[in-house]
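Keep the coordinates open as you read.

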There are 2 protein chains.
Amino acid sequence: MALARYLPVLEWGRGYNRTVLTNDLVAAAIVTIMLIPQSLAYAMLAGLPPEIGLYASILPIVAYALFGTSRALAVGPVAVISLMTLTAASAVAPPGSAQFIAAALVLAFMSGTMLIAMGVLRLGFLANLLSHPVVSGFITASGLIIATSQLKSILGVKASGEAMPELVTTLIANLNATNMPTLIIGVVSTAFLFWVRKGLKPMLIRLGLKARTADLTAKAGPIAAVAVSTLAVVLLDLEAQGVRVVGQIPQSLPPFTVPLFDAALWQQLAIPALLLSVIGFVESVSVAQTLAAKKRQRINPDQELIGLGAANVAASFTGGYPVTGGFARSVVNFDAGAETPAAGAFTAVGIAIAALFLTPLLASLPIATLAATIIVAVLSLVDLKTPRHIWRYSKPDFAAMAVTVLVTLLAGVEPGVIAGVGLSLALFLWRASRPHAAIVGRVPETEHFRNVKRHNVLTDPRILTIRIDESLTYLNARWLEEFVLEQVAEHPRLRHLILMCSAVNGIDASALESLEAINHRLADAGVKLHLSEVKGPVMDALERSHLVADLTGKIWLSQNKAFAALLVAAEDEDVPRVRDDPWAARGLI
Amino acid sequence: MALARYLPVLEWGRGYNRTVLTNDLVAAAIVTIMLIPQSLAYAMLAGLPPEIGLYASILPIVAYALFGTSRALAVGPVAVISLMTLTAASAVAPPGSAQFIAAALVLAFMSGTMLIAMGVLRLGFLANLLSHPVVSGFITASGLIIATSQLKSILGVKASGEAMPELVTTLIANLNATNMPTLIIGVVSTAFLFWVRKGLKPMLIRLGLKARTADLTAKAGPIAAVAVSTLAVVLLDLEAQGVRVVGQIPQSLPPFTVPLFDAALWQQLAIPALLLSVIGFVESVSVAQTLAAKKRQRINPDQELIGLGAANVAASFTGGYPVTGGFARSVVNFDAGAETPAAGAFTAVGIAIAALFLTPLLASLPIATLAATIIVAVLSLVDLKTPRHIWRYSKPDFAAMAVTVLVTLLAGVEPGVIAGVGLSLALFLWRASRPHAAIVGRVPETEHFRNVKRHNVLTDPRILTIRIDESLTYLNARWLEEFVLEQVAEHPRLRHLILMCSAVNGIDASALESLEAINHRLADAGVKLHLSEVKGPVMDALERSHLVADLTGKIWLSQNKAFAALLVAAEDEDVPRVRDDPWAARGLI
């Protein structure tokens, strides 16, 4: 049983039978057809030779099938992670060079071991730091950068840079070198692929195909574009006219590779590896959860870290580059009827066959067609609805998203993620450091206490009740001291201060220290501190502290009892006092 | 009025009269006597010539008097900030060298501008990141390091290092070079100063002095140690026997200095400057708040940032080094009757007179006596009670403190602070990412809903109510999805899920997205999502979202109404359904 926790295959493998096998095989065939052009395209997007995309789609899938918990997730190269790989490895060596390929392997290995470590140490919660607006903004901005970067292949010109300003300027500077045949192939392919996506399925349905069959047939559209454009290049000898093609791809299974162990390189790639691990994990888990929920299945996020980590380690030993669970291919896998991770293993076999036998057919595939595949795929990542919703719902969340988009576009993917995460965290800490608190009074003829600003309630100048709507932690401990002392300074006749703790779910050591400081300072000012409606677990903790003994006032079970009793007590002790405050001495209060 | 916010002197200056003047002058005289040896000692602790300690006690005090809001805070060199200055500047140049002194000036300038910027931008809440256990652990560890580092002056040997391992090993290696006369002066001074602290005041009271007078007289003890040990050196010609003395101190007012503008140096000192700014601010504000509360006065933390910033900028232009509000001297100032910041300005005049006329008397002051002053002062920083209290109260807080102490002792002050802040934040985020939630049911014959684990309550297999005891934010949005889907997977007959939001004070955009995802996923599984007891402000925000329209269930004002109505609805619609789940199909659920 313990082993099954780390090897989910032991669980689903036992119920495997012929029906499940058939479903898995059909799904695998469809996903394989979809993956071949995509793998080549994403590898080229990452600045790597195309065959590396195929290699990254073989063993990593098998590794995920053994260790992952999602039954439909399809792992392999994806657009955003390819862009992040390009950015990170470009800092080490020029794209396409041997050192660049070595850096991609190291990235996959580091990312894999980081993910496994996070899974074993149950650190998956760190992915929470990527808020929805940040991820959404980052994906949109990455999609725009990727689409822009692919324009160079559609135009047949050179352009460089990992952020918009450099990309756009180099693209414009080289516009006059546009290659016409390439442009035609690129534009026609793009238009065709857009039509496949939007118009083919309805047409097939009109032609009498069932909706599901039409949907899955439409997924094979890119293969048609690949076949037709390759044929066009061969028949019209377009290579002689300057159309760049994929070229010879070695006919081979993935090679055995060992990531380079070089301390300086590892140090340089550590942050990028961490960022792409976490981004990949967040994307992958959200896809896996969506698909699992459709069948009331569960995924285990900590085990997902291990599954994705194993996939990346596998990529690093088989000539690949960083991978994660892809959205589009997982949905296709699911819709095609995949029931277990075995479908992934069969997909791996399909890609391996392609790597062994089909690569010669791809030598004359124009790069413009691959660029068209990428552009059509990534433009669906660009999400213009979410920003409008977030703007309407929450301005701070919108600010986090806007900063992520702008920094990603202007400075690149790594600064973009870091800025977004940093701003989200700062906003969160800022809000956590000034929680909502209200001065409350008793609603007449009831035992309820409500905000004096919103309700007509009974109060007494000698008794002040503050209700704090948040747990007390080190982030708001200083605020608590300031807020309470400010209120006391504003209420010169005050004798008793009650902190109503009905919404306080916890008090940490810093907040406890602040409560003790407040207690002492109020004692200096002649005011007693009381607590009311302290929750059970909070009271259990307070019993282990000095506060209970030191408290100048009492801890009351109910706010109503506290107020009633203190009202009587204040009446008894209400004699004129000499005031410390010079203003009071002059009768100004 | 607006000007008075930034120049508090305009406020207290108007009420200034002869009584207040007298009180301020008396306090200033006492603090001046106390500050002279302390300023020299702390400058030497920081690796700087002793006169720099005097310079740092003149204009910074005046700057704080103009801009600060505390009426009793005494600003100047303090032990922990001196240690941090030593550590930071040592990374640039050897202690005592001209570059080292220049680095200290730059640290003061950077720290000053950082503090002012934080004050103007209202970023004081960032100081909240230093939790009480981290600050307490850091101060204790710093105290131990400082005391150990001063042993070298007591023994008259050489030792180096900013963390314990190097300090202790170099000290032991040089033990055989111990200078006897120095050791005698050091041990006698230390014993005398400890006695002054513990035994002199009771003795003076027995001799008939009033408690307050006895207390203030005892504060002059260090001056006696300085005078006697200096006389001993002169009369016995101990310098010839190897006793190291302060030496010639220039007789002058603070020089006008300009901090070096060197980009590389600034970059190197940026993190240390930030750390010592924040540590200094946290210490200073806590002293200021304690003293202000005693008189029911208020300080303004954002304005305190500006006051301390101005003091540091002043230090950087007058040959000083980083300063902050000191605990001991502020308490003395307060106890001696200081009523306004003018007391600080008079102290500044006192120190200026000392710098001009008294420095020749200090040439033969043995360094061992200054070391004794420091040891006695910092050992009171070492706090062994707090760790025990924190251990009893909260294990995570204790872990943060223990890590801060250990890393500070073993690796130095900067890694210590960073490790403590990092661990506190990680623990906080971890807790925030898994809030408390309970499945609740109805207490029989009431309208109350309580935790099913703690109370004997009514539930229904078709209706599940989850009460979440925390605001929903991006940190727990993913947890929410997982928790809800897990519960749904465990309750196969479920038709209606109610999220009881009575303790939810806010829902951010990420959590909203998760609620929408939960809504869709539950719809796929045939379960309706309801919300109950949504607070007013939260409902206002939800009205601006799509969730209200998309929700498969309803939003109920009261949990009791929701449960009652859904019970009736579930009865009506309770027909057998085909289940997706294969286990259910096999009758296993």
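Predicted model: local features only at pLDDT ≥ 70, side-chain atom pairs only at ≥ 80, totals over all residues.

Begin with one pair of residues: A:Thr465 has A:Ile498, in β6(A), as its bridge partner.

Strand β5 of chain A covers residues 463-468, and strand β6 of chain A covers residues 496-500. They pair in the parallel sense, over 5 bridges. Strands of a sheet pair through backbone hydrogen bonds, either parallel or antiparallel.

Now widen the view. These strands belong to an open sheet of 6 strands in chain A, with the order β4-β3-β5-β6-β7-β8. The pairing across this sheet is mixed. Two strands form its edges: β4 (449-451) and β8 (555-556) of chain A. Each of them pairs on one side only.

Move to chain B and look at its strands β6 and β7. Strand β6 of chain B, residues 496-500, runs parallel to β7(B), and 5 bridges join the two. Here B:Ile498 has B:His530, in β7(B), as its bridge partner. Is β7(B) mostly covered or mostly open? Strand β7 of chain B, residues 528-532, is mostly covered, with 4 of its 5 residues buried.

Stay in chain B, but turn to a helix. Helix α5 of chain B spans residues 59-67, and its buried residues are B:Pro60, B:Ile61, B:Ala63, B:Tyr64 and B:Ala65. What do they pack against?

Finally, bring the two chains together. On the chain A side, 69 residues are in contact with 69 residues of chain B. The size of an interface is often given as the accessible area lost when the parts come together. Between chain A and chain B the buried area is about 6300 Å², and carbon and sulfur atoms give 53% of that.

What polar links cross between the chains? There are 24 residue pairs in polar contact, both residues at pLDDT 80 or more. The count of salt bridges is 0. Several helices of chain A each supply at least two residues to the side that touches chain B, including α8 (132-155), α13 (263-294) and α20 (413-433). The largest share, 9 residues, comes from α21(A). By type, the residues on this side of chain A divide into 32 nonpolar, 15 polar and 22 charged.

Key. Residues numbered from 1 in each chain as written. Chains lettered and ligands numbered in written order. Heavy atoms only, no water. Contact = heavy atoms within 4.5 Å. Buried area = accessible area lost by both parts, 1.4 Å probe. Salt bridge = Lys/Arg side-chain N within 4 Å of Asp/Glu carboxyl O. Polar contact = N/O pair within 3.5 Å; in protein donor to acceptor, adjacent residues only side chain to side chain. Nonpolar A, V, L, I, M, F, W, Y, C, P; charged D, E, K, R; others polar. Buried < 20%, exposed > 50% of the residue type's maximum accessible area, 1.4 Å probe, protein only. Pairing = 2+ DSSP bridges.
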